[in-house]
Amino acid sequence: MDEYEALIIEVTGINQSTTKDTLENYFSYSRRGGDITNIDYIKGSGNASLTFANAEGAKKALETRSHLLEESALTTQRKKAENSENDKVEGIPTKTSENDTEGKSDLDVKDITHDTKSSDNLNAIVTFYSPVDFDKMKEGFKSKPTLEGKYISIKTVPPCKTILVKNLPSTATYDSVWLRFESKRAGGADVEGVHLDPEKRTALVEFKDPNVIDKVLSVKQTLDNTTLSVERYHPILGSLADLQTTEQEISEPTRHEVPTAT
């Protein structure tokens, strides 16, 4: 076996609905493989040939005890020797303003994100450019606890670990969304949970590390040739259902637990 052959594996048992993007995102994750330079795969064929950037990635894919993708058990093996000298290559496919809040806090406001509910009483996340003395700010609000005629209260919130993904393709599945944002190509890392509503083509993706989100937002996100809309999402501002009921009645989204890899 030459050095190039050591980079290539064959995968069989692929689900008929699995897309090329999903397959690549699955095997490009460092715990199951590594960076991939080429995939020879036709959706629905059930098998694929993957070329890794280095032998270590191919070795991990081969040595992982079991591969389960979109409810199908995958089998991996070394690429069989062929007589042909060439490889086949497939084509690549309402509200308070910032000025109002600045006046209340005497600090420069970077951003205000309001909740998703239609109500007279709203929550909002206020982000400042510089560190905040929260105890001092809280005392200031106690002396004058109103803003635009409304009584308000303030508290700190944990770092944001969730993104809202819109404009998902009709082919999107729980696995494909999970794997997309787990991949290095997407700027992602370990995902803690996915809350998917395929009918409305939206999802909430929660990461284990909140620091991942800035990197994810800096990358143009696509899935199955569809450009996604991605933004930071604070659960305190409402659920996925709250977000969508402002537009139309929705069905109950499905909740999936974290998959385990062996």
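**View 1. Arg-32 and its salt bridge with Glu-182.** Arg-32 is buried, with a relative accessible area of 7%, where buried means under 20% relative accessible area, exposed means over 50% and partly exposed lies in between (1.4 Å probe, protein chains only). Glu-182 also counts as buried, at 8% relative accessibility. The closest N and O atoms of the two residues are 2.6 Å apart, and a salt bridge is defined as a side-chain nitrogen of Lys or Arg within 4 Å of a carboxyl oxygen of Asp or Glu. By this rule the count comes to nine salt bridges. This is a predicted model, in which local features need pLDDT of at least 70 and side-chain atom pairs count only at pLDDT 80 or more, whereas totals for chains, interfaces and linings use all residues. Residues are numbered from 1 along each chain as its sequence is written, and side-chain values use heavy atoms, with hydrogens and water left out.

**View 2. Lys-161, Glu-192 and Glu-206, linked in a network of salt bridges.** Between Lys-161 and Glu-192, the closest N and O atoms are 3.2 Å apart. Lys-161 lies in the loop between strand S9 (150-151) and strand S10 (162-166), and Glu-192 lies in strand S11 (residues 191-197), so the pair ties together parts that are 31 residues apart in sequence. Here helices (H or I, at least four residues) and strands (E, at least two) are DSSP runs, numbered from the N terminus. Lys-161 counts as partly exposed at 24% relative accessibility, and Glu-192 counts as partly exposed at 31%.

**View 3. The salt bridge of Asp-214 with Arg-232.** The closest N and O atoms of this pair are 2.7 Å apart. Because Asp-214 lies in helix H6 (residues 212-217) and Arg-232 in strand S15 (residues 229-233), the pair ties together parts that are 18 residues apart in sequence. Arg-232 is partly exposed, with a relative accessible area of 33%.

**View 4. Helix H1 and the loop residue Ile-14.** Nine of the nine residues of helix H1 (residues 20-28) are buried, so the helix is largely enclosed by the rest of the structure. Ile-14, placed in the loop between strand S1 (8-12) and H1, counts as buried at 4% relative accessibility. Not counting residues up to four places away in sequence, Ile-14 touches Leu-23, Tyr-41, Gly-46, Asn-47, Ala-48 and Leu-74, a contact being heavy atoms within 4.5 Å. Ile-14 and Thr-75 are 61 residues apart in sequence, and their C-alpha atoms are 8.5 Å apart in space.

**View 5. Glu-70, a buried residue that has no salt bridge.** Glu-70 is found in the loop between strand S4 (67-69) and strand S5 (72-78). The nearest side chain of opposite charge, Lys-43, is 8.1 Å away, with Lys and Arg counted as positive, Asp and Glu as negative, and His and the chain ends not counted. When neighbours within four places in sequence are left aside, the residues in contact with Glu-70 include Asn-15, Ser-17, Thr-22 and Asp-175.

View 6. Over residues 82-104 pLDDT stays under 50, and the model has 42 contacts beyond four places in sequence for them. Among the elements of the chain, strand S16 (residues 254-256) has the lowest mean pLDDT (45), while strand S14 (residues 226-227) has the highest (94).

Terms used. pLDDT = per-residue confidence, 0-100.
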